[in-house]
Amino acid sequence: MGFPSGVKSNQRGGSCCTTSAMGEFKVHRVRFFDYMPSAIRALAFNQQNETMAVARMDGAVEIFLCSDRFFQGKIIPGREQCGIEGLTWVGERLFSAGLNGQITEYDLTNQRVKYTIDAYGGPIWAITGNQEGTHLAVGCEDGTVKLFAANEDKIQFERNLDRQKGRIISLSWHPSGSKIAAGMIDMIQIFNVETGQSIHRMLTDRGTSRSKECMVWCVVYLSDGTVISGDSGGMVKMWNDHTGTLIKSHNVSKCDVLALSVSQKEDSFVAGTSEGFVVQFQFISSVLEKNDKEWVRTRTFRNHTHDVRAVAEITTAVVSGGMDTQLVVRPLLDKIEVKSSASALQKIIFPHRSLVSCARKAGLMLFQYPGHLELWRLGESEGQGIPGSSLLVKKNPEKLLHLKVKGEDHIRCSAVSPCGEWIAYSTNSSLGLYRLHCDNNNISITKISKIPKVLSSAKLCFSSDSSHLFSASTQSSVHVVSLSQSGCKLVGTLKPKSGSHQAIHLLAASEDGKWLASANSDHEVHVYNLHTKELHCTVPIYSSAVSAMAIHPETNCLFMMHADQRMFEFSIERKQYTDWSRLVQRNGLHYIWLERDTPCLNVMFNPQNPSHVILHDTYMFCIIDKSLPLPDVKTQFLNQLTLKSLPKEKRKSHSHAFKVCKTFREMLHVELMSDQSLVVVERPLVDISTQLPAPIKQKKFAT
Amino acid sequence: MSQTHSKRKAIIINSAICIRLFTSRCCRDIRTTRWQHLLQSILVTLVGLSLMYVRRCWCLIWRIPYNVCSKVRFTSLKETNKMSELAQSQFESSDDELPEEVAFDASKSAALKSVKDALESAKREKNLLKEKRRKRQQLFQEQKTRKRLPEDLLEEFDTEPQKPAVLSDNVKDEEETNVTSETNSKSLPDSYSVKRVKDESAAKSLQQSAIDFIQSRLYGPGTKRTSNAELLSLKMKKGARQGASVEFVNKKYGADLKKKITKSNKRFIHKQKMVPS
């Protein structure tokens, strides 16, 4: 059996090769989606849920599930002119503060902003909560540390601590809640929270550059009274808060130390620098079995190319993020006992939601940017060729539509109907629906103004005949809107019985228009009958989140891929798992398949071959042939090249169900169009790296 | 020459005086030895000589050039002409000669004359500038008259705005005053500009200044930053498969800049009418 082959494109066009028998596809390699991820500004770890909150420069906040292979469970989109500077958990609630002077609380159930209040202190530089979860402190531009009481529904301003001259850049609360350390320009102040007065004023040395002020970018307050600070001279200093003096100072880098994070047990901390490396210090004794412990610099992690703006030390790993937009999870091997997938370095580059939607019958693609949408038509090629060859592009891909979103909110989700006539998008505050009229050369678009009150939705999906729009809304319910020539009308609402309030992040509609499946953040998957508008069944809950799902056009089986790389197939009509799915569970999956570190984002079926399932993740795409035997542990998993070298008769005996292709660069989306051509949207990392801000110059030997 | 003579005369007279002093003293006091007396006399001569050259010594001490010193000296009762002559001759004279005396009146009149001269020259300059300005103004007037539309058209325009004002006489008085105020309205002076309230809020400017502060601290002068191209090129150089710098390998990188450069090259070649080789 052959395998898909691709072709080089000239400039930014699509590209094609031959199409004929099963296994050979025409592949459009698309590189004109200029997706630019946003830099990471702050990290906050919640110990109880084991979730990591990540704040990006464009204001977006993402929640990663640390126990579930760092799957991106929730995304709250940002807005223009946001300027987030800090993120903190107070109990189960998430707060952020930014340079626009406002404190924001997030509604994690519905994945949106709950409210914002103004702190009236100018731009806010730091935010921190105390360990009991009762109070919140923010450090402002005017030199005040403001205390807010975290009430049930809102936070309320309590009082100011003593006002200082100079802005407060970083804050840290003592674990007991009685003292706060504030890092300012050229000094660190320790405040008594009860009285509000400054107890100690510790001046930092300016180092070699006498004219430049020393900014204390980060402080951490330990329970034994030690204050650790990282400043712009590249020094990590340990201070004693009883006497207000410097204990020890370490020169870590020649540029700024931008972030600090201490572990739960307070026996190690990590510092992130401007040069891109992360340094770990541990509280150990220099001679074994002696009690004179001190802070010793142990490890250096060089996983970033640009500034590291945020670090977090969780129990088994060090998580760091910065200006190169990648979230790096580096497990600490001395804390891990078993070698598993959790012990490998993981880099999260792309979001775990699909930003591309395709109109399969019309050959159009919709790209979702934060502030606008772009609609492109694929190019065409001519001629035939052998697999792996490149063909001439007869007609270049063309941009049909550039749709800017009104208002300052970023786009949350978008979709284009399979026939290419309807475009829908949703932001935090509004829903936009447009009808597209496409003659050969003329494009015209009309906005549907009278939209029923289906305000913002977390996920949009069109039915396969483009007659209905499904919009996921609050309390895990789905609104069904019928579309017609005259406009749109709310037809019904599908509600689950369980009463879970979490937002839905995936929707899948069947080809015949009878079934709709929805997956929410509580790991629940519901299947609804669209004719009766009632809940049909619920798939048994699995511990890992669903990363992609689709309903088979003929057998109406729901195929689900999870974040831990396991797959399930559920027959909707019979309300149970299929035999093939049980076979997979019994057999187990190959370890190479399970060790992949990026989740599958799209599942498709091939109409010409009903036993094929097409999946993809960032680095590979794979066709699973359900009619072939499953591989066991000893067989070679990535065997496409060896099969190619074998003669045709021997191939059948050696082949197994998983056919993996790794020829394409970092893939954002793969889709099978109705004319049997594959579209692969690539975004090479080099193209992203060339548009990042400037890195620090590093002196390397022999350059 | 006369000066040198006079100087020598002075030396001789001085030394004569010293010897006389010496001898006179010598007669009075027998106890001092002859050599001591000699020494004393030599010292006195030296002192006398130095007194002559006090001014030069003064100049040497305070490091004022000798030429300047010459104008600082005491004035004598000679005339201004002689004064200037003397000043000139001072430059020419050698260092060993005595300075000339100048009369007080002469120097006073010289100073007054120089002040008068300065005033006159300032006046002359002012007049010159005035002339220049007048001529320019004339030129502009001429140009303006040349540029202006024919007189009759201007008259026509002049009458037009008056008509609606005339018409509104029939309407209420308020409107009339409004119209007249409109016709009398002036445009804002150049240093004023109009902005909406929501465009310019204090919070936004504070936020912008905070952003600028961070930007200057992390990326501004004094930080050791390089470019992404260099970082990627270094990686390619040190990688397993060594390659050229990223600007050459990656065709999309800096594509617009390359386009601009090729365009300007073409233009240059065309301009120079060079035959492309």
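## About the model

Because the model is predicted, local features need pLDDT of at least 70 and side-chain atom pairs count only at pLDDT 80 or more, while totals for chains, interfaces and linings use all residues. Residues are numbered from 1 along each chain as its sequence is written, chains are lettered from A and ligands numbered from 1 in the order in which they are written, and side-chain values use heavy atoms, with hydrogens and water left out.

## Where the chains meet

Let's start at the interface. Chain A brings 42 residues to the contact and chain B brings 26 residues; contact here means heavy atoms within 4.5 Å. About 2,900 Å² is buried between the two chains, and carbon and sulfur atoms give 60% of that area. Buried area is the accessible area (1.4 Å probe) that two parts lose on being put together, summed over both.

Three salt bridges are found across the interface of chain A and chain B, where a salt bridge is a side-chain nitrogen of Lys or Arg within 4 Å of a carboxyl oxygen of Asp or Glu. One salt bridge joins the side chains of Glu213(A) and Arg217(B), at 3.7 Å from N to O. On the side of chain A that touches chain B, helix H5 (residues 685-689) of chain A gives the largest share, three residues. Helices (H or I, at least four residues) and strands (E, at least two) are DSSP runs, numbered from the N terminus.

Chain B has 13 helices and zero strands. Of its 277 residues, 16% are buried, which means under 20% relative accessible area, with exposed being over 50% and partly exposed in between (1.4 Å probe, protein chains only). Among contacts in chain B with a separation of 6 or more, 54% link residues 24 or more positions apart.

## A closer look at Asn529(A)

Over in chain A, Asn529(A) belongs to strand S46 (residues 525-529). Its relative accessibility is 12%, so Asn529(A) counts as buried. Leaving out residues up to four places away in sequence, Asn529(A) touches Lys514(A), Trp515(A), Glu534(A) and His536(A).
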